[in-house]
Amino acid sequence: MTATSEAPPRQLAALNPIQQLKAGHLPRRLVQLYVGLTLYGFSMGLMIQGNLGLDPWDVLHSGITKHLPLSFGAVVIAMSFVVLLAWIPLRQWPGLGTISNAIVIGLVTDLTLATVDRPDALWVKIVFMLAGVVVNALAGALYIGAQFGPGPRDGLMTGLVRRTGLSVRLVRTTIEVTVLAVGFLLGGVVGVGTVVYALSIGPLVHFLLPIFTVRLKTP
């Protein structure tokens, strides 16, 4: 009889950073984490090149690029660490997935933008936008399901929920409306893709996350 028990399948475990590394299935989880983060950056690049609208955080990122001499990926990385500063008063600890998220996604986004040309035909732009949304949901399910900690922006949401007692829906909506509004005012790209993302990303991740959540040993 060991001191640990198997977490229920398809369930995200509440683990600190050290426990995340000791929870088993490490090789598979590491591969899943970095495949997910790579696909996430690729999906962002597709939506940017489709030029039909971005998700709320990327509207903010694209707005910032219009005012600072930084690449899109560099802005993503910088904003990730700015958001992580907000974790300090929330008393949250970043995991391996959190730090990897902050760096890898921005690098892959810039690589995608450097290698995938922006299409001229509307139908190709639509394909880019739809593929970006679907791949983004798959990528999110992969890296979240690897259970190495939330990304900086998701962690901000969960930390505020825990500290304020407000609902996830209210906190997430407030954050995303705020960053969307600021991004729009800065000149970020808002369009039909923004609406498609907002309406579809939740149901898609809800469907995919249980499939890719790794069953872990929990204390």
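Predicted model: local features only at pLDDT ≥ 70, side-chain atom pairs only at ≥ 80, totals over all residues.
Local features were taken at pLDDT of at least 70 and side-chain atom pairs only at pLDDT 80 or more, whereas totals for chains, interfaces and linings use all residues. Residues are numbered from 1 along each chain as its sequence is written, and side-chain values rest on heavy atoms, with hydrogens and water left out.

Helices are DSSP runs (H or I, at least four residues) numbered from the N terminus. Helix α3 spans residues 56-65, and its axis comes within 7 Å of that of α8, with a crossing angle of roughly 25°. Axes are lines fitted to C-alpha atoms, for helices over the stretch in contact, and angles run from 0 to 180 degrees between N-to-C directions. The angle makes α3 roughly parallel to α8, a class that covers angles under 35 degrees, while those over 145 count as roughly antiparallel, 65 to 115 as roughly perpendicular and the rest as oblique. The crossing of α3 and α8 is left-handed; this term applies if the near helix is turned anticlockwise from the far one by less than a right angle, and right-handed applies if clockwise. On the α3 side, the contact (heavy atoms within 4.5 Å) is made by Pro56, Trp57, Val59, Leu60 and Gly63. On the α8 side, the contributing residues are Ile175, Glu176, Val179, Leu180, Val182, Gly183 and Phe184. By residue class, the contact of α3 with α8 comprises nine nonpolar, two polar and one charged. In this scheme Ala, Val, Leu, Ile, Met, Phe, Trp, Tyr, Cys and Pro are nonpolar, Asp, Glu, Lys and Arg are charged, and the others, Gly among them, are polar.

Glu176, which belongs to the α8 side of that contact, also forms a salt bridge with Arg172, at 3.1 Å from N to O. A salt bridge requires a side-chain nitrogen of Lys or Arg within 4 Å of a carboxyl oxygen of Asp or Glu, and by this rule the count is one. Glu176 and Arg172 are four residues apart in helix α8 (residues 168-185), so about one helical turn separates them. Glu176 is partly exposed at 23% relative accessibility, and Arg172 is likewise partly exposed, at 34%. The accessibility classes are buried (under 20% relative accessible area), exposed (over 50%) and partly exposed (in between), computed with a 1.4 Å probe on protein chains only.

The residues of the contact of α2 with α9 divide into four nonpolar, two polar and one charged.

Ser80 lies in helix α4 (residues 72-90) and is buried, with a relative accessible area of 0%. Apart from residues up to four places away in sequence, Ser80 touches Ala102, Pro152 and Arg153. Ala102 is part of helix α5 (residues 96-115) and is buried at 0% relative accessibility. With neighbours within four places in sequence set aside, Ala102 is in contact with Ile77, Ser80, Phe81 and Pro152. Ala102 and Ile77 are 25 residues apart along the chain, and their C-alpha atoms are separated by 5.4 Å. Leu84, also in helix α4, is buried at 12% relative accessibility. The C-alpha to C-alpha distance between Leu84 and Arg162 is 16 Å, across 78 residues in sequence.

Positive phi angles are reported for two residues other than glycine. Asn51 has a positive phi of about 60° and is found in the loop between α2 and α3. Asn51 is partly exposed at 33% relative accessibility. Gln147 has a positive phi near 60° and lies in the loop between α6 (122-145) and α7 (152-164). Gln147 is buried, with a relative accessible area of 5%.
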